[in-house]
Amino acid sequence: MRAFRVVAVTAAVLATMLAAGCGPSDSDDGDERPPASGSETPTDASAGPSPTPAAPTATAPTTAGPAPTTAGPTPASSPAPAETLVRAGRSGGYAGQTHTLVVKGDGSWTRLGPQTEPEGTGKLPEAGLAALRTALAEADFARLPRMATGDTTVYDGFTYAFVHGGFEVAAEQEALAPALRKVLDALPPFTP
């Protein structure tokens, strides 16, 4: 039964990310937004900034091996400013919703809500973008397992999915590798 739950949650996360478009973006994909001022402060049509970083807390062993998704830049190369640097999705939690962050090569980011509607935009400061690039390089997506699951069930826990450098990896909250935790720490918050 647990294996079925893991497969179902993973499929839902990956399907949402695919629906939002997980490959490098081109200029006519509708995902381009003018960058906000040089800060990490999100903008929202209905509310002001509300920084609420999510920090998962447990670790566990992992399972399956990596699988490349599409041809794209290697983690060592830098994408062009308009191309997607990383796409990260978080699903689950008490509300069972999926939220996605798309960060471009220039540090501009878009937060997508449960229905893949834009919830906010912003731009990472230079130091934040450098920290994210470093975390992505150290994560070495080519060597991470495609899907990491924990030994214990965390009800209402989160499942994370990342697309970077042509690789897609997913992990349950309790099985998130330390390198992926650093990536999460460098990202803007998943919710406004």
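Is Tyr 160 counted as buried or exposed, and at what relative accessibility? Tyr 160 has 1% relative accessibility and therefore counts as buried (buried is under 20% relative accessible area, exposed over 50%, partly exposed in between, with a 1.4 Å probe and protein chains only). Phe 190 is buried as well, whereas Phe 158, at 22%, counts as partly exposed.

This is a predicted model, in which local features need pLDDT of at least 70, side-chain atom pairs count only at pLDDT 80 or more, and totals for chains, interfaces and linings use all residues. Residues are numbered from 1 along each chain as its sequence is written, and side-chain values use heavy atoms, without hydrogens and water.

The structure holds four aromatic pairs. Rings of Phe, Tyr and Trp (its six-membered ring) pair if their centres lie within 6.5 Å; planes under 30 degrees apart count as stacked, over 60 as edge-to-face and the rest as tilted. Two of the pairs involve Tyr 160:

| Pair | Centre distance | Plane angle | Class |
|---|---|---|---|
| Phe 158 and Tyr 160 | 6.2 Å | 50 degrees | tilted |
| Tyr 160 and Phe 190 | 6.0 Å | 55 degrees | tilted |

Phe 141, Phe 158, Tyr 160, Phe 162 and Phe 190 form one aromatic cluster. The charged end of Arg 90 also sits over the ring of Phe 158, 4.2 Å from the ring centre (the criterion is NZ of Lys or CZ of Arg within 6 Å of the centre and within 35 degrees of the ring normal).

The protein chain has an average pLDDT of 72, and 59% of the residues score at least 70; pLDDT is the predictor's confidence in each residue, from 0 to 100. Where pLDDT is low, the predicted coordinates should not be read in detail.
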